[in-house]
Amino acid sequence: MPWIDKKDPDIDGFVRSFPKAPHLPYDLAEKLKSWRNDGFVILENVISQELLDAYLADVQELIERHKEFDISIRIDRPEYQRHPVMKIKEVPREIIEGQYIKIMDFHNASVAGKKLMLHNAIVSFLQAVFQEKVVAMQSLTFLYGSQQETHQDFPYVVPQVPSHLAAAWIALEDVRPGSGELHYYVGSHKIRKFNWGNGIFFNGESTKNPTDFGRYLVAECERMGLEKKTLLINKGDVLIWHAALAHGGEPILDGELTRKSYVCHYSSAQGYYRHRHDLVNEPVRHSYNNADVFADPNLPQYENSFKRGEAVEESAPTVPAGQKNAL
């Protein structure tokens, strides 16, 4: 279990000894206390517009040239229920650009995606949480709100050390009301774990389903009086959340509104030391900011083939607090 999840962690003492703390664009002690109490933190204006735009351009190019790629997408529409994960080249463009779509692990092909995923502001915070080298596990790219039921991540995304798991939600555009905003319950990372009928992880032997899970989480959060919030943040802001934070996607009320976002899951060097597609061989590693992401052993032909991000700096400009809303 990470130190911060244990009883009475000395956050102020840790921050005094953490070399990166004085150089971060946020108060690390304040953020760690929010993580401990609330199960999430929001980092404002930490990612440059240029890097975000480079990634968005890569995504647009992927869509326009989709018939050339074996990259996977997940389609959560009724007509794709039997085979929700498909190669993007097999899916019509109008489906790819519609709702209920997740582009899976595009960071493998996109240099900008890797730089976003392993941005210094994100990995520095997670290094403090894990007290280890950070390893990115996977990514999902959304054009619209997910409209997912309330859930927690840890039953579905399971690293080799299950407690070493966290996620980041990167806003690729300003989030507008009615776009299917992300919702979350403050402090819900501390509620009692759901029993799937065979333990706390979801697998082929579970006797309960994700709808049962969602109903339990909502009922338990309401029973404890936990506040439900929706996420309205701006392009370049980042939400980082605990693997046990209950969250989901609100219904899309305005079908004209996109909600472009980039979700990444993380573990530690101890928690994730083999690629999930090859649990035997040493992975090929790409490193930024002293954090790693593994090359996809199944699709080496696409690795770093979208190169826009190579010439882009990751840092966001320094903006006085009173001017942030003008961006």
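Tutor: Gly39 counts as buried, because its relative accessibility is 0%; buried means under 20% relative accessible area, exposed means over 50%, and partly exposed is in between, using a 1.4 Å probe and protein chains only. Before going on, keep in mind that this is a predicted model, where local features need pLDDT of at least 70 and side-chain atom pairs count only at pLDDT 80 or more, while totals for chains, interfaces and linings use all residues. Residues are numbered from 1 along each chain as its sequence is written, and side-chain values use heavy atoms, with hydrogens and water left out.

Back to Gly39: you'll find it in the loop between helix H2 (28–38) and strand E1 (40–43). Those labels are DSSP runs numbered from the N terminus, with helices (H or I) of at least four residues and strands (E) of at least two. Setting aside neighbours within four places in sequence, Gly39 is in contact (heavy atoms within 4.5 Å) with Ser34, His189, Ile240, Trp241, His242 and Leu245. Ser188 is 149 residues away along the chain, yet its C-alpha atom is 7.0 Å from that of Gly39.

Now for the strands. E11 (residues 261–268) is mostly covered, with eight of its eight residues buried. Ser261, Val263, His265 and Ser267 point one way, Tyr262, Cys264, Tyr266 and Ser268 point the other, and all are buried. Strands pair here if DSSP finds at least two bridges between them. E5 (residues 134–142) runs antiparallel to E11 and is joined to it by eight bridges, and E6 (residues 166–171), also antiparallel to E11, is joined to it by six. Tyr262 is a handy landmark: it is the bridge partner of Thr141, and Ile170 stands opposite it as well.

Within E5, have a look at Gln138. It has a relative accessible area of 15%, so it is buried. Beyond its sequence neighbours within four places, it is in contact with Asp105, His107, Met117, Val157, Val263, Cys264, His265 and Arg276.

E5 also matters for the largest pocket: it gives the most to the lining, with five residues, and E4 (101–104), E5, E10 and E11 each supply at least two. A pocket here is found on a 1 Å grid over the protein atoms alone, as an open set of points where a 1.4 Å probe fits, with protein on both sides within 12 Å along at least five of seven lines; lining residues have an atom within 4 Å of a point. The space in this one comes to about 1100 Å³, taken as the volume filled by probe spheres set on points joined across faces, edges and corners. Of its 38 lining residues, Arg74, Asp76, Lys102, Gln148 and Tyr156 lie nearest the centre. The lining divides into 17 nonpolar, 13 polar and eight charged residues; Ala, Val, Leu, Ile, Met, Phe, Trp, Tyr, Cys and Pro count as nonpolar, Asp, Glu, Lys and Arg as charged, and the others, Gly among them, as polar.

One last stop is helix H6 (residues 120–130): 10 of its 11 residues are buried, so it is largely enclosed by the rest of the structure. Just after H6, Gln131 takes a positive phi of about 55°.
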